[in-house]
Amino acid sequence: MTTDTPTDAFEEHRPVLMGVAYRMLGRVADAEDVVQDAWLRWSAADRTEVREPRAYLVRVTTRLAIDRLRQVKARGEAYVGPWLPEPYVTDFGDTVPDTAERAVLADSVSLAVLVVLESLSPLERAVFVLREAFGYPYADIAAMLDRGEPAVRQLAGRARKHVDERRPRYEVDPAQRRDLTERFLAAAAEGDLAGLMEMLAPDVRLIGDSGGKSKAPLRILETADNVGRFLVAVAGKGIPEMSFRFLELNGGPAVLILSGDTPDSVFQVDVSAGRIRSVYIVRNPDKLRSLASA
């Protein structure tokens with residue numbers, strides 16, 4: 001009985017490669033394409049020269065993701081309305097037993113952080129992801145990117161400062177987020193404006209992503225009154241054959257709304273001081289396809 005060693009080695013590291021590529025790109029399909037390209041390079045490589053397969057594969061994946069990100073930025077694609085990352089299933093299971101490590105990974109893939117990462121340069125984003133999410137030493141990152149270590153440290157410091165200044169601070173207690181998500185869903189479905197107002201922070205923001213392909217606000221809504229009234233109005237219109245299920249997406253509890261068997265939208269909330277501070281709604285059908293079988 002033979003073992004396909006190249007395939008086994010690649011599949012062992014696929015979750016890490018997908019994690020790197022998704023954090024770099026914020027798009028599941030693009031991340032999958034990058035990982036597939038990494039596989040093609042791995043299968044064609046002289047593996048007798050590879051001492052550490054994981055380091056080699058992460059380096060290849062990172063460089064491919066940087067190239068893909070540069071292409072996207074160079075095209076300067078116009079996006080209709082607010083942009084959110086494509087929802088990404090992140091059930092860490094037993095693969096990350098350490099609570100602190102799980103918290104770091106969950107934070108690095110959260111919608112709030114990924115939105116901020118969009119404003120970094122491709123190199124800054126690569127350094128931030130490799131250092132902050134995966135804990136690679138500066139020397140290893142420098143080797144992966146063909147940069148000097150002092151330059152990498154400078155990139156890391158600039159990226160960390162940028163992210164720290166712009167990302168909101170939220171509580172990451174999964175139980176509290178799940179409880180508020182369930183209550184939020186129930187109040188919204190029932191059109192209970194008073195119930196919603198009790199859960200929403202006064203300065204809550206609602207960010208809806210439709211890409212102009214379905215109905216969602218074309219600007220960010222602010223204040224509890226505006227967000228609450230919008231949600232009640234949406235609930236009043238209803239969704240044909242609506243059902244929902246809870247998933248872990250981007251490191252936290254989320255709700256997938258279905259119309260029949262078709263994903264209609266994803267809801268997720270961020271919480272601080274026992275109140276909902278941000279509501280994310282993804283309705284762009286292109287960003288929901290991967291959740292059809294989730």
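Asp 225 and Arg 229 sit four residues apart, about one turn of the helix, in α11 (residues 224-237); helices here are DSSP runs of H or I with at least four residues, strands are runs of E with at least two, and both are numbered from the N terminus. This is a predicted model, in which local features need pLDDT of at least 70, side-chain atom pairs count only at pLDDT 80 or more, and totals for chains, interfaces and linings use all residues. Residues are numbered from 1 along each chain as its sequence is written, and side-chain values use heavy atoms, with hydrogens and water left out.

**Within a helix**
- Asp 225 and Arg 229 form a salt bridge (a side-chain nitrogen of Lys or Arg within 4 Å of a carboxyl oxygen of Asp or Glu), with the closest N and O atoms 2.9 Å apart.
- Asp 225 is partly exposed at 34% relative accessibility (buried is under 20% relative accessible area, exposed over 50%, partly exposed in between, with a 1.4 Å probe and protein chains only).
- Arg 229 is also partly exposed, at 49%.

- Arg 167 and Asp 107 form a salt bridge with an N to O distance of 2.7 Å.
- This pair is 60 residues apart: Arg 167 lies in the loop between α8 (149-166) and α9 (174-189), and Asp 107 in helix α4 (residues 99-108).
- Arg 167 is buried at 16% relative accessible area, whereas Asp 107 is partly exposed at 29%.
- Asp 286 and Lys 213 form a salt bridge at 2.3 Å, N to O.
- Asp 286 is in the segment after β6 (275-282), and Lys 213, 73 residues apart from it, is in the loop between β1 (200-209) and β2 (221-222).
- Asp 286 is partly exposed at 28%, while Lys 213 is exposed at 52%.

**Whole structure**
- A search of the whole structure gives 23 salt bridges.
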